[in-house]
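Let us learn to read a protein model step by step. Please bring up the structure and keep it in view.

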Amino acid sequence: MSGSGGRHWEQDKEATVYVGNLDERVTDQLVWELMLQAGRIQNVHLPKDRVSQTHQGFGFVEFMSEEDADYAAKIMNQIRLYGKPIRVNKASADKQKTVEIGAELFIGNLDTMVDEKALYDTFSRFGPLVSVPKVARDDVGISKGYGFVSYGDFDSSDAAIANMNGQYMMNKEISVQYAYKKDGKGERHGDEAERMLAKQAKAHGVAPAIQPLPPQLFQAPTAPIPTGPSMMNGDGRMPGGPGGPHTGFGGSTAARPPATLPPPPSGLPARPPSGTPASFWPPPPGFSNGPSPGPPSHGFMSGPGQVPPGFGPPPGQAPPGFNTPPGYPRR
């Protein structure tokens with residue numbers, strides 16, 4: 001009924017159908033009796049785990065003729081076995097030349113800033129990846145702190161575990177180990193059964209199924225433009241911007257005046273000998289302590305007898321530039 005493990009690789013591809021989504025209670029005998037309704041059967045093969053001897057949820061049925069295989073794919077697809085609709089379609093040569101190796105890793109304790117490209121840049125150094133790295137995210141796209149990486153062979157996945165487990169990504173120590181299998185039985189990938197199946201597939205020239213990787217994974221990383229609060233002053237202003245200290249070519253800023261004066265020595269009065277108040281602030285750079293020479297500032301009197309702009313002359317005195325007309329006495 002069911003040939004040996006190597007018989008599957010030698011079967012007639014055009015007369016073979018793929019049977020998937022099989023319940024774990026389905027047996028070779030049941031598949032044989034079901035598919036016999038479509039035509040004469042040459043072989044039934046359900047790949048089984050080497051340790052538990054349970055099938056992996058799919059199999060292949062080889063018919064005596066290609067016409068019977070085509071007929072089975074038309075009438076047996078979506079037939080329910082133990083409440084599960086099975087999937088039946090022609091097994092093309094391309095599909096049978098690929099196999100899932102099982103070298104899938106679980107990456108835990110990831111920083112929320114680690115994305116799929118960061119995982120690719122880090123773990124692709126140990127071997128070719130068969131699919132895009134996955135980062136588990138919630139409904140709004142925020143990382144849940146773990147992800148998955150799949151390799152095409154166990155040598156690459158073993159090297160990734162040996163070199164990356166306990167290392168730091170984005171200042172967080174990550175854990176790297178084999179992921180749990182999807183059947184929910186608590187077993188991890190990378191066991192002896194998977195490694196043996198991978199060796200047999202490699203011996204028969206069967207390569208793992210490789211998904212096309214998006215081109216953005218191969219682009220060189222670009223330096224982000226700093227826009228966060230760390231690049232601002234304490235008041236939110238950018239250095240060198242409006243209202244901020246000017247920065248020269250050397251990156252140095254102008255010295256600020258001290259906030260307070262040093263306390264006076266003990267035994268002396270609270271005020272300095274010059275009479276300057278204790279809360280006196282020194283003048284900004286570029287200004288002197290004394291009065292500036294030259295004409296007085298606009299709007300301030302420099303001596304008695306001078307009239308500030310906007311005010312009339314004293315009584316009995318004509319404004320500057322005006323003379324008393326002839327024949328009029330002076331008041």
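This is a predicted model: local features need pLDDT of at least 70, side-chain atom pairs count only at pLDDT 80 or more; totals for chains, interfaces and linings use all residues.

Q: How many helices and strands does the chain have?
A: Begin with the secondary structure. Here the chain has six helices and 14 strands.

Q: What share of the residues is buried?
A: A residue counts as buried when its relative accessible area is under 20%. In this chain of 331 residues, 28% are buried. The chain exposes about 22300 Å², and 57% of that comes from carbon and sulfur atoms.

Q: How do I read contacts along the sequence?
A: Ask how far apart the partners sit in sequence. Take the contacts between residues at least 6 apart: 62% of them join residues at least 24 apart.

Q: Is strand 2 largely enclosed or left open?
A: Count its buried residues. Strand 2 covers residues 41-45, and four of the five are buried, so the rest of the structure largely encloses it.

Q: Which way do strand 2 and strand 3 run, parallel or antiparallel?
A: Strands of a sheet pair through backbone hydrogen bonds, in either a parallel or an antiparallel way. Strand 2 and strand 3 (residues 58-63) run antiparallel, joined by four bridges. Look for H45: it stands opposite F60 in strand 3.

Q: What is the strand order in the open sheet of four strands?
A: The order is 9-10-8-13, with antiparallel pairing. Strand 9 (134-137) and strand 13 (175-178) are at the edges. Each has a single partner strand, so one side of each has no neighbour in the sheet. On average, neighbouring strands of this sheet are turned by 25° against each other, direction ignored.

Q: How many bridges link strand 8 and strand 10?
A: Five bridges link strand 8 (residues 104-108) to strand 10 (residues 143-150), in the antiparallel sense. Within this pair, I107 stands opposite G147 in strand 10.

Q: Which helix lies across strand 8 and strand 13?
A: That is helix 5, residues 154-164. It runs at about 150° to strand 13.

Q: Where does A38 lie?
A: Find the loop between helix 1 (28-35) and strand 2; A38 lies there.

Q: Why does A38 count as buried?
A: Compare its value with the cut-off of 20%. A38 has 8% relative accessibility, so A38 counts as buried.

Q: Which residues is A38 in contact with, leaving aside its neighbours within four places in sequence?
A: They are F63, D68, Y71, A72, I75 and M76. Take D68: A38 and D68 are 30 residues apart in sequence, yet 6.2 Å apart in space, C-alpha to C-alpha.

Methods
Residues are numbered from 1 along each chain as its sequence is written. Side-chain values use heavy atoms; hydrogens and water are left out. Helices (H or I, at least four residues) and strands (E, at least two) are DSSP runs, numbered from the N terminus. Buried means under 20% relative accessible area, exposed over 50%, partly exposed in between (1.4 Å probe, protein chains only). Contact means heavy atoms within 4.5 Å. Accessible areas come from the Shrake-Rupley method with a 1.4 Å probe; for residues, only the protein chains shown count as cover. Two strands pair if DSSP finds at least two bridges between them. Axes are lines fitted to C-alpha atoms, for helices over the stretch in contact, and angles run from 0 to 180 degrees between N-to-C directions.
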